[in-house]
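User: I would like to learn how to read the main features of a model like this one. Please take them one at a time.

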Amino acid sequence: MYESDNREQLDMAYREEAMTSMHANFPASFADDETKSSYITESRNLNKIRDIRREKLLHKKRLQIMGFLDKLPKTQHDLTTFTLDIPFATERLITFTVSGAFRERNVNVPRRIFHFDRFFTVVPQGEGLCIINDSLFVTNASREQAERSNALFSLSELTGMNLHWTKICLEGQGWHLEQAKNAYGVAKQEGKIPPEAFT
């Protein structure tokens with residue numbers, strides 16, 4: 001749902017009294033002013049913000065959170081990079097962190113790969129869980145992470161395979177994109193790619 005054009009669908013994932021914030025940090029050499037403005041203007045870095053914006057950039061209650069999430073750039077995540085850590089869990093409260101890579105879906109700018117860490121605090125609600133706090137951190141991906149995610153997205157777009165099977169193809173070729181393209185062509189011609197690779 002976060003990757004859809006309408007993030008307001010996420011509203012039921014948040015408790016009415018929930019809070020969320022975002023922190024962003026880019027190296028001084030980072031030249032993409034459009035991307036910087038998308039994240040830095042919403043960044044609640046307490047080492048740099050000492051005025052009334054500290055309160056303004058802490059988004060409270062479901063409606064305000066949806067407005068904040070909806071104005072962040074639309075994204076596509078590399079699900080194969082995701083890691084999940086659960087540092088604390090009881091029957092009443094769970095905290096977990098999701099980390100990984102993503103790119104913006106805006107085709108008018110170079111598709112740069114970013115790294116994110118997202119820390120959630122959730123409580124039981126009904127048969128599932130409900131977010132009471134959500135903190136997002138965004139920065140540049142490492143060179144290796146960016147190269148791999150770019151290769152993954154490129155091959156997936158070219159072949160129509162999902163990210164899982166695209167990763168299998170790239171791993172089999174040592175993450176060499178051209179070799180993976182050739183290997184895909186041979187495997188497809190020989191009928192060795194299962195239908196689930198395209199779902």
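Analyst: The turns below go from the overall layout to single residues. This is a predicted model, in which local features need pLDDT of at least 70, side-chain atom pairs count only at pLDDT 80 or more, and totals for chains, interfaces and linings use all residues. Residues are numbered from 1 along each chain as its sequence is written, and side-chain values use heavy atoms, with hydrogens and water left out.

User: How many helices and strands are in the chain, and in what order do the elements run?

Analyst: Helices (H or I, at least four residues) and strands (E, at least two) are DSSP runs, numbered from the N terminus. The chain has 6 helices and 6 strands. Starting at the N terminus, their order is β-α-α-β-α-β-β-β-β-α-α-α. Along the principal axes, the C-alpha atoms fill a box of roughly 60 × 45 × 30 Å.

User: What is the strand order of the open sheet, and which are the edge strands?

Analyst: Strands of a sheet pair through backbone hydrogen bonds, either parallel or antiparallel. Here two strands count as paired if DSSP finds at least two bridges between them. The open sheet has 6 strands in the order S2-S1-S6-S5-S4-S3, with mixed pairing. Its edge strands are S2 and S3 (75-89), each of which pairs on one side only.

User: How many bridges join S4 to S5, and over how many do S5 and S6 pair?

Analyst: S4 (residues 94-104) and S5 run antiparallel and are joined by 10 bridges. Phe-102 has Phe-114 in S5 as its bridge partner, and Ser-99 stands opposite Asp-117 in S5. On S6 (residues 128-140), the pairing with S5 is also antiparallel, over 12 bridges. There Phe-116 stands opposite Val-138 in S6. The hairpin of S5 and S6 has 2 residues between the strands, and Gly-126 in this hairpin takes a positive phi near 60°.

User: Which residues other than glycine have a positive phi, and where are they found?

Analyst: Most residues other than glycine have a negative phi, and most peptide bonds are trans. Lys-61 has a positive phi near 75°, and Trp-175 has one near 65°. Lys-61 sits in the loop between strand S2 (59-60) and helix H3 (62-71). Trp-175 is in the loop between helix H5 (163-172) and helix H6 (177-189).

User: Is Lys-61 buried, exposed or partly exposed, and what about Trp-175?

Analyst: Buried means under 20% relative accessible area, exposed over 50%, and partly exposed in between (1.4 Å probe, protein chains only). Lys-61 is partly exposed because its relative accessible area is 48%. Trp-175, at 18%, is buried. In the chain of 199 residues, buried residues make up 40%.

User: Which residues of H3 are buried, and what do they pack against?

Analyst: An α-helix has 3.6 residues a turn, so residues three or four places apart point the same way. In H3 the buried residues are Arg-62, Ile-65, Met-66, Phe-68 and Leu-69. They lie on the same side of H3 because they cover an arc of only 165° around the axis, where the arc is that of the directions from the helix axis to the C-beta atoms. Leu-63 and Lys-71 are exposed on the other side of H3. With contact meaning heavy atoms within 4.5 Å, the buried residues of H3 pack against strand S1 (14-24), S2 and strand S5 (113-125).

User: Where does Arg-118 lie, and what does its side chain make a polar contact with?

Analyst: A polar contact is a pair of N or O atoms within 3.5 Å; within protein, one must be able to donate a hydrogen and the other to accept it, and residues adjacent in sequence count only if both atoms are side-chain atoms. Arg-118 lies in strand S5 and counts as buried because its relative accessibility is 10%. Its side chain makes a polar contact with the side chain of Asp-134 at 2.8 Å. Leaving aside neighbours within four places in sequence, Arg-118 is in contact with residues including Tyr-2, Tyr-14, Leu-69 and Phe-96.

User: How many disulfides does a search of the whole structure find?

Analyst: A disulfide is a pair of cysteine sulfur atoms within 2.5 Å, and the search finds 0. Cys-130 counts as buried because its relative accessibility is 1%. Cys-169, at 15%, counts as buried too.
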